[in-house]
Amino acid sequence: METFDPAELPELLKLYYRRLFPYAQYYRWLNYDDIYIRYQSFNNQSELEKEMQKMNPYKIDIGAVYSHRPNQHNTVKLGAFQAQEKELVFDIDMTDYDDVRRCCSSADICSKCWTLMTMAIRIIDRALKEDFGFKHRLWVYSGRRGVHCWVCDESVRKLSSAVRSGIVEYLSLVKGGQDVKKKVHLSEKIHPFVSKSINIIKKYFQEYALVDQDILENKESWDKILALVPENILSQGHFYTLQQNFPKYHNSLQRWEYLMKAISLQDSTKNDKCGPCLEWEIMLQYCFPRLDINVSKGINHLLKSPFSVHPKTGRISVPIDLQKVEQFDPFTVPTISSLCRELDAISINDEGKEGNEAESDTKRRTRVSYKKSSVSPIINSPWIQPRMDQSGKLINLPANRSQIFIY
Amino acid sequence: MQFSRANWKRLRLTGDQRNVCYPHSLQFYLEPPSESISLIEFESLAIDRVKLLKAVENLGVSYVKGAEPYQSKLESEIRRLKFSFRVSKSGKEIEDLRRWFIQQEMDLLRFRFSILPKDKIQNFLKDSHLHFEAISDDEKKLREPEILASSPSLSGSKTDWESESVYKIPFADALDLFRGRKVYLESGFAYVPLKDIVAIVLNEFRAKLSKALAVSRKIRPLYFHSYTGQDYSTQKNAGKISLDQIDSLSTRSFPPCMRQLHKALRENHHLRHGGRMQYGLFLKGIGLTLEQALQFWKQEFIRGKMDPDKFDKGYSYNIRHSFGKEGKRTDYTPFSCMKIILTNPPSQGDYHGCPFRHSDQELLKQKLQSYKISPGGIHQILDLVKGTHYQVACQKYFEMIHNVDDCGFSLSHPNQFFFESQRILSGNKDIRKESIQPETPQPKPGVQKAKDASSALACLNSSLEMDMEGLEDYFSE
């Protein structure tokens, strides 16, 4: 893996914005159609390009777009965006799962816990599509430890803060902070959202929880699970039996099966809930997505733009292919330094075809082409093209725009 | 909101006509009427509306809402009052009134919605700009398990399911349902059973009504006297009353609400919480000190065979609390007439509230007779009560027991009653109007009635003027 040195960022960014940044797709994504003017600041794509190349923003947030000159910290506000209209966004952050992942904590991630993001994307995306009917959903790797989702349907952009909060509430099942042991409580009637989410989790649970996370590996870990089992089920001596018997089994998988049997035996006698409820409550607590409501409900809330560079890791915020969610590996996402190195390598090979400086950036770019770099397979893959084109008329630039504001 | 005179007459006619047939036309009042109306006409319409709302409230207190006989009684009340449904907005003065108003309007709407025939429901929803459509039986069947699993209001019984209509509405219109996952969502639509639609409609209505009231808050209500005077919380008179005076004071200077509370306390050696609050704070307002209050209540409760220790443990804390000596240390103010009339109505075993508001006619008549009010006076009082002029009725009572033609003030607080009474009885010379006429002969009932009606109206109008004067100051926040 290439190392990334934040000190190189200014130079790297320059190159990134000149050669690599996918302006065409980005611009199309931001401009939905004739009627909705995403950026009133630019008359056309090339103005956006020029401005970004001038600024070399090391951070782009959408909502308002900031670009920082690293040494001057000027804030450049690109866009007279209308606060009333904003995409519905979600931010899923791995640190919110620290209580249930054993491999890493805080900003660290690894392949063992990344499955949490996979499950989150599957569960949330299904609901956004099937329950809410949202069509234009873009999932993006945040660059460090999580994923973002952008929902861009026209009707969605106009939703009030109250409705956005309501959507997050609908999608929330894990409740409570550090002082709450049991965070999921299911009622007698299981809403289809819950049962469909459980079905998704079931596909991953064994491998993720019982193998990778090994949640019943030892006393310390299985006590946490047993803490989620209500008193009345444990009080008949089963708790102590479980504790005694767990060591007899060899691995989490066996212990889990044993635990399930114990629960179902109890359940048949005291049935005030659905049968498999407790099993599901445990699975949900360990696997169900955790959303930050503040990110979604605020119409003014800023979220890092796709294709921006993460300042700490150097990784590009790349879109995630929904058809290949399981294959997505955050550790293979290019960093800006690796990209630029790649580009240099390509340039050297292509020497002679460089042309003169008088050529427009666009032309140069197409020739040298990010198409050959690591970013290109991501940007050019079929799923993202249709998505971005679907959003509206192609490259049809709205006529009336206002000027750029620079503060 | 304005009505022109001509149009108002026309509206009246329309109202009457409509009431000949079934009173189920339901309004969401999305657009207010936009004609001019005189203040008197507005007052009259507002009073009518309040009469209706009070009928709603009364029935809601006496019967179980939604069941018989509540439903049929309410229906006949609406017919009887020949209500014109156009007026929806009225002024609000204080939070109490506003909340009360909204609550009664909600109850009324719930009732009227419940008697809407099924075919009219769809029209009502359309007219109210609520995009609801009922789904076909096939569509319902297709989603049966999902809808049943999502909606807590559906019991799951076969018969219920078959008869229940399900409406398909954009999910954003069902916020309170979908946020708690209490409804089935599919492709951006919520599938809402009829029972839950009512909740949505009510919420919409409440939101709109709230907004409308907020806009119109500059219009003061004309059917209750506003309270612009002092609140009798400062203890200027503290210590001027002795405990052994209370019995005689209760008959001479207490308003009927406090008179009956005192009597009940003496007879039962006990009062429930509502009564203790209302009466206790009143006593504080007339000048009882904390020590006196503690002694007063304890004495009486002990007569009721209460253990002195129990009193100290249970009740004395509350008394000290109401004097601001415990807990938050808020010095609670004695209740105004408005507060007593509008909030916390008494139930069986309670003696608080306003007798003119909360006692039925027969009981009130007996009470007034026991207080030795003349039949003519009683008749006038009952008439005023029928017209919902409770405070004016109380003023009439004041006039009768003090033997004056005109009480000389606009009553809005029990402690005001006491204060004015003491003023008269102590022969105070600098009172505003000449109300001391100890040898006034008993006027003929007919004349008296007309005179009193006009003086009642004069009182109303003068209080209105007073209100209007204070309007700007009151609202400059």
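Q: At what angle do helix α12 (residues 256–268) and helix α13 (residues 273–286) of chain B pack?
A: In this predicted model, the axes of α12(B) and α13(B) lie 10 Å apart. The angle at which the two helices pack is about 115 degrees.

Q: Are α12(B) and α13(B) roughly parallel or roughly perpendicular to each other?
A: Angles from 65 to 115 degrees count as roughly perpendicular. The packing angle of α12(B) and α13(B) is about 115 degrees. These two helices are therefore roughly perpendicular.

Q: Which residues of α13(B) does α12(B) meet?
A: α12(B) passes α13(B) in a left-handed crossing. From α12(B) come B:Cys257, B:Met258, B:Leu261, B:His262 and B:Leu265. By class, the contact has 6 nonpolar, 3 polar and no charged residues. On the α13(B) side, the residues met are B:Gly275, B:Gln278, B:Tyr279 and B:Phe282.

Q: Is B:Arg143 buried or exposed?
A: B:Arg143 sits in the loop between α6 (137–142) and α7 (144–150) of chain B. Its relative accessibility is 11%. The cut-off for buried is under 20%, so B:Arg143 counts as buried.

Q: Which residue of β4(B) is the bridge partner of B:Tyr184?
A: Strand β3 (residues 184–186) of chain B pairs with β4(B) over 3 antiparallel bridges. B:Arg143 touches B:Tyr184, and also B:Glu186 and B:Tyr191. The bridge partner of B:Tyr184 in β4(B) is B:Tyr191.

Q: Which residue takes a positive phi in the hairpin of β3(B) and β4(B)?
A: This hairpin has 2 residues between the strands. The phi in question is near 50 degrees, and the residue is B:Ser187.

Q: How many residues of strand β4 (residues 189–193) of chain B are buried?
A: Strand β2 (residues 166–170) of chain B runs antiparallel to β4(B), joined by 5 bridges. There, B:Val166 stands opposite B:Pro193. β4(B) is mostly covered, and its buried residues number 4 of 5.

Q: Which are the edge strands of the open sheet in chain A?
A: The sheet has 3 strands in the order β4-β6-β5, with antiparallel pairing. An edge strand pairs on one side only; here these are β4 (88–93) and β5 (137–141) of chain A.

Q: What angle does the direction of helix α4 (residues 111–131) of chain A make with that of β5(A)?
A: α4 packs on the sheet and touches β4, β5 and β6 of chain A. Its direction makes an angle with that of β5(A) of about 170 degrees.

Methods
Residues are numbered from 1 along each chain as its sequence is written. Chains are lettered from A and ligands numbered from 1 in the order in which they are written. This is a predicted model: local features need pLDDT of at least 70, side-chain atom pairs count only at pLDDT 80 or more; totals for chains, interfaces and linings use all residues. Side-chain values use heavy atoms; hydrogens and water are left out. Buried means under 20% relative accessible area, exposed over 50%, partly exposed in between (1.4 Å probe, protein chains only). Two strands pair if DSSP finds at least two bridges between them. Axes are lines fitted to C-alpha atoms, for helices over the stretch in contact, and angles run from 0 to 180 degrees between N-to-C directions. Angles under 35 degrees count as roughly parallel, over 145 as roughly antiparallel, 65 to 115 as roughly perpendicular and the rest as oblique. A crossing is left-handed if the near helix is turned anticlockwise from the far one by less than a right angle, and right-handed if clockwise. Contact means heavy atoms within 4.5 Å. Ala, Val, Leu, Ile, Met, Phe, Trp, Tyr, Cys and Pro count as nonpolar, Asp, Glu, Lys and Arg as charged, and the others, Gly among them, as polar. Lists of a residue's contacts leave out its neighbours within four places in sequence.
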